[in-house]
2 protein chains.
Amino acid sequence: MNQFIIKSEVETPWGIARTGCLSTQHGDIQTPVFMPVATQGTVKSMSPQEVWDIGYRMILVNAYHLYLRPGPSLVSESGGLHTFMSWPGAVLSDSGGFQIFSLNDLAKVTEEGVSFKSHIDGSAQFLTPETVIETQLELGSDILMPLDHCITSNASHSELLEALERTNRWFERSLKQHRGRKGQLFGIVQGGLFEDLRTKSVEFLAASDLPGFAIGGLGVGESKAQMHEALDLVTKQLPQEKPRYLMGIGSPEDFVNCVCRGVDMFDCVLPTRVARNGALFTRFGRVDIHQSQYKNHWNPISNTCLCYTCSNFSLGYIHHLFKSREILGLRLATIHNLHFIHQLMDDLRLAIDNGNVEEFAMEFLAAYKPTNEEMRLQAKDRILRDN
Amino acid sequence: MNQFIIKSEVETPWGIARTGCLSTQHGDIQTPVFMPVATQGTVKSMSPQEVWDIGYRMILVNAYHLYLRPGPSLVSESGGLHTFMSWPGAVLSDSGGFQIFSLNDLAKVTEEGVSFKSHIDGSAQFLTPETVIETQLELGSDILMPLDHCITSNASHSELLEALERTNRWFERSLKQHRGRKGQLFGIVQGGLFEDLRTKSVEFLAASDLPGFAIGGLGVGESKAQMHEALDLVTKQLPQEKPRYLMGIGSPEDFVNCVCRGVDMFDCVLPTRVARNGALFTRFGRVDIHQSQYKNHWNPISNTCLCYTCSNFSLGYIHHLFKSREILGLRLATIHNLHFIHQLMDDLRLAIDNGNVEEFAMEFLAAYKPTNEEMRLQAKDRILRDN
């Protein structure tokens, strides 16, 4: 059975954009899709009903975080993650490879697995490709990610090669552990910014008949141009009929740029994280709700936005909530940003199906003022630490 | 026009309990009623839609807090508080007398008014009975409270007498300032625990044809027995046909005890505040969700509760959210506690109308284990500081 069906494909100046449908045990997902991040089993500040009401049908959780707390056996005992967190849609679980290495300066890699100290209580932990698959099976994930050895993208060629080869050996063990079990196990393309390593990684993974491919190791400090270059290389080489999931990206302009390059799936804490910092998405860029200019603005964030926030509250009220450090401020900002991204994905799908995604992208990118590079890297650094 | 109509009256061993209907510019309110507290223009952690969906039709805001931030002229410019915070129901605003004196050790009282430093930015502030009425008119409150001089209930007779006489003079100025303007101005009965002072206060206020009477200066450190004694005295003397609002009380057992003594209206931060501390109301007392015994409980807080929290989430999940310091934990706990209190008020009204409120109260109080006195006073202290 083919779990991914492509609906439309459109050539753009940057690659081939496409729409599709990804079938999971918990429903069909229209792609391109953004998955809100529920690191610890909740999309921060949101109820699952609110996430659903915006229109999301798939979220991402982090196996690393849930492994440490509350623990996979407990989640399994409760009836699985969908029951535990009352989420009727699909769940993709990240393996946590990225988090283990970014949250733990002292993580130690051996061929068997990785040992590290829990960021919660300092306890000694040891994870292997096999235990990471078992964790995700206990969670009941619809899409599973293998444990990978993540190192910074500006590491040397030999370091990246070594990490990639280990990631590949670990992937074979993951595949073996998962065979005949539930859910779809994706492969993760690594290799930093080196063309030969990315090619090597794709060729290795493409040899197995995988349900989908994640693209890892991007959005970790390189420039946007470098990210696009690596992405272009990988999407050209990956099997066209399988979904491509770009991990941990990103911002509104990233979604437009990368959908046009053939990416089908995204996750990122950015839309929810910056919301809690008071940054609200508009078609023209981010609004910083803390600015005193908003204290007496009685219009919504956007006059055309149909989200709960924009339907009921003014910029002035949201400004007051942030100044007063009220939880409702974080909620209203998060609802708006998640709605904005959901609407953007809807618009992109429609534009692809209508054959005018190039025009849509040009118009969007012309109007949208991205956050400057320095602020972007600072934000990335905070995201690494917090999620 | 009579703005309060009594529906049923039932004698109980503790007084005369009654149901009624209070008419406001923003709808009719069934009494006895609990008003959730939206100190800064939001019921902490809740959206106004959620408060409404539980069944609440009236909330309380604090004129002192909103005077300091965002300021009454700004709220007025936005279309009034109902528009500002997107609340279609009724609003009672507290004058903030209590907060001025409890949050400001250095508040200075003169005959003209009270000077103090803002707890937000330390700026010098001066409020008079007249400015406090104007603030509440700018907010657009349905029910207004006059500025009163609040001192601790264990102050001496002469101190309490002096504060009471000033409160009375201030009330005359408030009444004059409000005459012919919008909303209902209640009087506030003061006098600490002294019978002659409470009587003096009631007699003074009853001489004016007021739409309702608040009972202040209780729940501020005295024992429950002392509070009941003062309450019994006051409710016997107040005009029977007018609503009585017991300010800043309280806990589930307080509502039962005080409704049976003839109280019609309540507000308190306790149900929402203790929720955010992880204390969840049940018919048998509070559950502390932090306790490790709940980590693998897969039932809801209450099997018979119909709130969003109990309809969708287990104790084990809420425990995980609190352990992980996730905002959704605070939200689910608050929804449950507000639902519990709303249901309790519904039950009390029904029992009064059916003539069996004594039986209901006995049964409730027999099953409900109150929090012990020491914890109660500690909690009260925290509430004073935080709201």
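Predicted model: local features only at pLDDT ≥ 70, side-chain atom pairs only at ≥ 80, totals over all residues.
Two copies of a chain are related by a rotation about an axis and a shift along it. In this model, chain B is superposed on chain A by a rotation of 180° with 0.0 Å of shift along the axis, and the RMSD is 0.0 Å. The two copies are therefore related as by a two-fold rotation axis. Within chain B, the residue that comes closest to this axis is B:I327, whose C-alpha lies at 3.9 Å. Both copies use the same surface, since 100% of the contact residues of chain B recur in chain A.

Which parts of chain B touch chain A? The contact takes 31 residues from chain B and 31 residues from chain A, and the elements of chain B that give two or more residues to its side are α3 (72–77), α13 (315–323) and α14 (327–354). Among the contributions to this side, the largest share comes from α13(B), with five residues. Sorted by class, the side of chain B that touches chain A holds eleven nonpolar, 13 polar and seven charged residues.

Two packed helices are described by the angle between their axes and the distance between the axes.

| Helix pair | Angle | Distance between axes |
|---|---|---|
| α6 (129–139) and α7 (157–178) of chain A | about 40° | 8 Å |
| α10 (252–259) and α14 (327–354) of chain A | about 20° | 11 Å |

With an angle of about 40°, α6(A) is oblique to α7(A), and the crossing of these two helices is right-handed. On the α6(A) side the residues that take part are A:P129, A:E130 and A:I133, and they meet A:W170, A:R173, A:S174, A:Q177 and A:H178 in α7(A).

The residues A:P252, A:F255, A:V256 and A:V259 in α10(A) meet A:I341, A:L344, A:M345 and A:L348 in α14(A). This contact divides into eight nonpolar residues, with no polar and no charged ones.

**Two sheets in chain B**

Strands of a sheet pair through backbone hydrogen bonds, either parallel or antiparallel. One open sheet of chain B has three strands in the order β1-β2-β3, with antiparallel pairing. Its edges are β1 (4–12) and β3 (27–31) of chain B, and because each has a single partner strand, one side of each is left without a neighbour in the sheet. Direction ignored, neighbouring strands of this sheet are turned by 10° against each other on average. Strand β2 (15–24) of chain B is joined to β3(B) by five bridges, and B:T24 has B:G27 in β3(B) as its bridge partner. Helix α14(B) packs on this sheet, where it touches β1, β2 and β3 of chain B, and its direction makes about 115° with that of β2(B).

Another open sheet of chain B has three strands in the order β7-β8-β9, and its pairing is antiparallel. Its edge strands are β7 (108–109) and β9 (124–127) of chain B, each of which pairs on one side only. Four bridges join β8 (114–117) of chain B to β9(B), and B:F116 stands opposite B:Q125 in β9(B).

How values were computed: Residues numbered from 1 in each chain as written. Chains lettered and ligands numbered in written order. Least-squares fit on C-alpha atoms with pLDDT ≥ 70 in both. Contact = placed C-beta atoms within 7 Å. Nonpolar A, V, L, I, M, F, W, Y, C, P; charged D, E, K, R; others polar. Axes fitted to C-alpha atoms, helices over the stretch in contact; angles between N-to-C directions. Parallel < 35°, antiparallel > 145°, perpendicular 65-115°, else oblique. Left-handed = near helix turned anticlockwise from the far one by under 90°. Pairing = 2+ DSSP bridges.
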